[in-house]
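Hello,

Please find the structure below.

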Amino acid sequence: MENTSVCSVLNDINTSDVTVRLRNNKGKAELFYAHSSILKEKSIYFADKLSDPNCDAFIEIHCSDYNYEHHVDLLKRLYLSKDYLLESWNSVHSALGVLQLAIKFNCQEVTQSCIYYLEAIPWEDTEEDLILKVVPQLGPVAMPILARVQPVDFSATKNVFISAICFATSIVSPSPPFGDELKNSAQEQVEYMLGDDDEEIPLMIADEEVKAESKKGLMNICAAFDKDLSCLVLQNDDESAEKRVMQSLLDLSWICNILSKMDLMKEFVDQWIDFSTRVIGVMEDKLLKSSMWGVKLKVIELNWKVLDAVGYGNVIIPPARRVELVKTWLPFIRKTKPILDSIGNEETGYPYKMDDDLCQNIEGAIVALLSALPSNDQADILADWMNGEQLKYPDLSEAFEIWCYRTKSAKRRLVEGLDRVAKATVSL
């Protein structure tokens, strides 16, 4: 059939042969002067209506206040050619409203145009919510609109996650003008994916390839941290070197959170303990002894996560490694905290004081960790603590009380055991 929309105009009384009356819920009516050739060509509904001998070239349609304007928009768009029709849409709300009517009145060309438009353009959050509410009610014809929000299969999810991990842990700086924004965005999305309650997430983090890439990412970040750490005592530009180390520490904190959610925290703990002596060596270097307090505080915050994981049994490592962790970091924390407190008391708004929550968390983790060590190792650490100049923090008196109680109990059990042996020997 010849497309007559290009030569006919809606509401041209001189050429129209059909009257369409739109009536809303309040009884308001508006007449539209249309052409039967257009209506039959563009709508199966109107074609059926006009083929009825009782129609008398008059069609009445009842509308609601909500969709009245959408009815008007639909009538206008029946007069547009296919190319102009696709260009005519200017909002999600309008296209979605017309789409519902186009499906109802079986206007295939308008329906397809709405779908193309809605499927292609970006959506605001409120628009997406409306689409998710309306489109499923429109049947299979409208489902292509939802292609972007459909669940993906396991393989696709895994590939995206691995790619994000690789990008988020890359030690190669992104090209300008983005700087670190892309890497930070990748880190945020990895955290978001792991925070999802999708049933595929546990399967994904258990995948060996995902684990391997996550461990590789940890090694990348550790390598960058080691390199930046060296620059602190080798470069004259302290501000630039400090900024890079702080970024490396932020990356370490991020990967620590990620690995804890993936049951790979032991990988981080092992790396951190291996790094500990070197980190403290740099922090206590004579060039940095009275500076880099922001870096030192961040190091203590990161170390707390390790102490917490080991102290409360979330990560199981041999006693010797636990002793190494405590003996390495306890002196540094004890020396650093009073200095930060002293500066904070002198400078209003000083940003590098250890807050109460951090102090309590570190203290609790050390007490828990210390109480699970072999008795002799506990005795060595407690003796050093009591001989130190700073007994105020951390307060290990609870661990000391536990050690004393266990020691006495052990001696009592030993004596009771010897008595039983002696009595058994005499009876023989």
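A charge counts as sitting over a ring if NZ of Lys or CZ of Arg is within 6 Å of the ring centre and within 35 degrees of the ring normal. By that rule, the charged end of Arg148 sits over the ring of Trp123, 3.7 Å from its centre. Lys296 lies over the face of Trp293, with 4.2 Å to the ring centre.

The model is predicted, so local features need pLDDT of at least 70 and side-chain atom pairs pLDDT 80 or more, while totals for chains, interfaces and linings use all residues. Numbering starts from 1 along each chain as its sequence is written, and side-chain values use heavy atoms, without hydrogens and water.

Aromatic pairs (rings of Phe, Tyr and Trp, the last by its six-membered ring, with centres within 6.5 Å; stacked under 30 degrees between planes, edge-to-face over 60, the rest tilted) number 9 in the whole structure. Tyr45 and Phe46 are edge-to-face, because their planes are at 75°, with the centres 5.4 Å apart. For accessibility, buried means under 20% relative accessible area, exposed over 50% and partly exposed in between (1.4 Å probe, protein chains only). Phe46 is buried at 1%, and Tyr45 is partly exposed at 26%.

Phe400 and Trp403 are stacked, since their planes are at 15°, with 6.3 Å between centres. Phe400 is partly exposed at 27%, as is Trp403 at 22%. Ring pairs also link Phe268, Trp272, Trp329 and Phe332 into a cluster.

In the helix pair, contacts (heavy atoms within 4.5 Å) join Val323, Val326, Lys327, Leu330 and Arg334 of helix 15 to Asp377, Asp380, Ile381, Asp384 and Trp385 of helix 17.

Regards

Terms used: Helices (H or I, at least four residues) and strands (E, at least two) are DSSP runs, numbered from the N terminus.
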